[in-house]
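I opened my notebook to record what I looked up in this structure, one topic after another.

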Amino acid sequence: MTATSLQFKQTSEINNLARLGAERLTLKHGKASIIENLDVSLPEGKVTAIVGPNGCGKSTVLNGLSRVHSPSSGVVLLDGKDIHSLPSKEVARRLALLPQDTLAPDGITIEELIRFGRHPHQSLLKQWAMDDQQAINYALNAADLEGLKDRLLDTLSGGQRQRAWIAMSIAQETPLLLLDEPTSALDLGHQIEVFELIRNLSRQGKTLAMVVHDLPSACRYSDHIIAMKKGEIITQGSPKEVMTKELVRELYGVECDLIPDPMTGSPILINMKRVRS
Amino acid sequence: MINQSLSLPNNEEITTAPNGHRLLSLGRHMTLLIEKQAIIRNVWLLILLAIACVATLGMGSMPISPKEVIAVLFGHGNVMSQFIVHDLRLPRLLAAIFTGAAFSLAGCLMQTMARNRLATPGIIGIDNAAMAFAVSSVVGMGVSLAPSAMALAGAATATALAFGLAGGSGTRGYRFIVAGIGIGAIAGAVTQLLLSQVSIDVANSAYPWTVGSLSARDPMMVKVLGIGLGTCLVACLFLASQFALMPFSDQVITGLGANIKHIRIIALVLCITLTGLAVAVAGPVGLVALVGPEIARVLARYRGIPLISSALTGALVMILADLFGRTVLSPIELPVGIVTAVIGGPYLIWILVRRTSRTSL
Ligand SMILES: Nc1ncnc2c1ncn2[C@@H]1O[C@H](COP(=O)(O)OP(=O)(O)OP(=O)(O)O)[C@@H](O)[C@H]1O
Ligand SMILES: [Mg+2]
């Protein structure tokens, strides 16, 4: 199987863009409202980065958007329909979520983990087909895991494991991909590789959202930034519009200066100082 | 040259099964993926089970050679052996196989749902509650409803109570187990209380059953259990791919398109059915549910969820425990429940004391 045939298949399959958004979404943990009356939508075919301090509700929003967390009120719309009214397996063919905390079955190899990503495409009488095989090979290649595919997941480093989980969500072959801190454990090389993979997927027409803590990477690798604080979106827009020293101060209580990257023009933070507001 | 350029186009590439699997194509649109290791494991267990069956059928106060046993099973052999095998020993053997498989399968299912090796129906109190209901129908109320139905009702009640008391945490977490242990203790006490209210003869005759025994089985209940077990095994085969997702976090399970709530409810219904019907036959021999799946997991090298293997190991454990109980102090017969408690008790302590990376399941 050649790389080009894989590439072709990946692009040709996505003919309709998927739209995901929420209207007046309220999400609670127990009695506490974490998110209240949130309106949000992900630009189609683009990469959206969600940034904000720890505990501001980024993961909660991703869980809400991926119907893992049921809303107390409001609605999540996938292609115009209430996501909770659609069959779950059907949703899983359109939308994949990489959660922040992961937990895998004991004694599972990387390839086996990635194979679970094919679950929504399989059924009792169609347990294995050519597309499963191709999707898994593509995902292994994309996450640079070909040499490790038969290793047990428990015996890998944190970053290798994170790449295996990314590969699993890629193997799901969905037009929509929500990634919660996909690069938090990765070395510089693999971070860039994953970000470039994300870019590549969006070039193929997929809609992606990722939670990222590193602001320069968020600016560099996304088309749209959503900045959150205390369960609310305080601003959103293109990286150039949104990323200002005032925003950094408001979000993180950090004074800094922003200079444009001489090569790409995307902002770099310098002179950082914690001020706590 | 020309021939080469006419070679198969890309989309006709041959699909190969993943490592360790075999692809079974039935027609163009039907493909089954079969794990080789699981097939080999289950075939071995079936062979062992067959050997244990032949041995058990031959053992007793009138020993019969394996050859003769096999002849009888195939419809030959002399009249005496036919009578002993068919009428005396086979019903008990079938009861052992069915109850062992049912308890063990129920144990594997519940451990999987709860992600905890301690969470077996016996520990959650389902066995005891099933027994309390069944006993109450015989002695307490003076009306003898079908013990199977009562045992099922008891099993369902205990599960519902454990669920209710566990609150939001569902089947996951220790609250479910702690609540279940309490329910089991209460149900056990209720059984004792009921038995203390009836004449000593009735209590004596009910005694073996309340500690778990295959000597007091009712042929009708065995038949019902056999049907129930068969149905549950088929259901497990259909649901295997969904059960396989259960060790993941809830987020991943939902993300992959499975409905956790439905899967949990189905699994609990299967557990209740299997345990209730098995208790109606043999009383609470719940420790098989702890030991059987563990052996199956060791054989499976802790990979996947060995449902079928658990059923087979459970049947084996039950046959061997019953055989041991019948022969070790012969002519005195030890109830199988006591034998499994003697094996399973220390094992339970070992689980509790041992801390390994695999304590999650
Ligand atoms: N299971 C839970 N029960 C109760 N509260 C929770 C739970 N999970 C999260 N929270 C609360 O919800 C809020 C938002 O959490 P969330 O995980 O969405 O934050 P986050 O923005 O993803 O943070 P991080 O950057 O640390 O991942 C936090 O205040 C947290 O304390
Ligand atoms: Mg988070």
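This is a predicted model: local features need pLDDT of at least 70, side-chain atom pairs count only at pLDDT 80 or more; totals for chains, interfaces and linings use all residues.

I began with one residue pair: A:L178 has A:A209 as its bridge partner in β8(A). Strand β7 of chain A (residues 176–180) is joined to strand β8 of chain A (residues 207–211) by 5 bridges, and the two run parallel.

Next I asked myself what order the strands of this open sheet have. I wrote down β6-β7-β8-β3-β9-β10 for chain A, which is 6 strands with mixed pairing. At the edges I found β6 (95–98) and β10 (232–237) of chain A, each of which pairs on one side only. From one strand to the next, the twist averages 15°.

I then looked for helices on this sheet. α2(A) packs on it and touches β3 (47–51), β6, β7, β8 and β9 (224–229) of chain A, with a direction at about 155° to that of β7(A). Helix α6 of chain A (residues 158–171) also packs on the sheet, where it touches β6 and β7 of chain A, and its direction makes about 170° with that of β6(A).

**The sheet of four strands**

I turned to another open sheet in chain A, which has 4 strands in the order β2-β1-β4-β5 with antiparallel pairing. Its edge strands are β2 (32–42) and β5 (81–82) of chain A, each pairing on one side only. Strands β1 (residues 20–29) and β4 (residues 73–78) of chain A run antiparallel and are joined by 5 bridges. As an example of a bridge pair I noted A:L20, whose partner in β4(A) is A:L78. Helix α2 of chain A (residues 58–65) packs on this sheet as well, touching β1, β2 and β4 of chain A, and its direction makes about 120° with that of β1(A).

**Two helices in chain B**

In chain B I looked up helix α2 (residues 36–58) and helix α13 (residues 307–327), whose axes come within 10 Å and cross at roughly 20°. Because angles under 35 degrees count as roughly parallel, α2(B) is roughly parallel to α13(B). I recorded their crossing as left-handed. The contact includes B:L45 and B:L49 from α2(B), and B:L312 and B:L316 from α13(B). Its residues divide into 12 nonpolar, 4 polar and 2 charged.

**Where the chains meet**

Last, I asked how many residues each chain gives to the contact. I found 39 residues from chain A and 35 residues from chain B. The area buried between the two chains is about 3,100 Å², and carbon and sulfur atoms give 55% of it. In chain A, the residues that lose the most area to chain B are A:D106, A:H119 and A:W128, together 20% of what that side buries.

Key. Residues are numbered from 1 along each chain as its sequence is written. Chains are lettered from A and ligands numbered from 1 in the order in which they are written. Side-chain values use heavy atoms; hydrogens and water are left out. Two strands pair if DSSP finds at least two bridges between them. Contact means heavy atoms within 4.5 Å. Axes are lines fitted to C-alpha atoms, for helices over the stretch in contact, and angles run from 0 to 180 degrees between N-to-C directions. Angles under 35 degrees count as roughly parallel, over 145 as roughly antiparallel, 65 to 115 as roughly perpendicular and the rest as oblique. A crossing is left-handed if the near helix is turned anticlockwise from the far one by less than a right angle, and right-handed if clockwise. Ala, Val, Leu, Ile, Met, Phe, Trp, Tyr, Cys and Pro count as nonpolar, Asp, Glu, Lys and Arg as charged, and the others, Gly among them, as polar. Buried area is the accessible area (1.4 Å probe) that two parts lose on being put together, summed over both.
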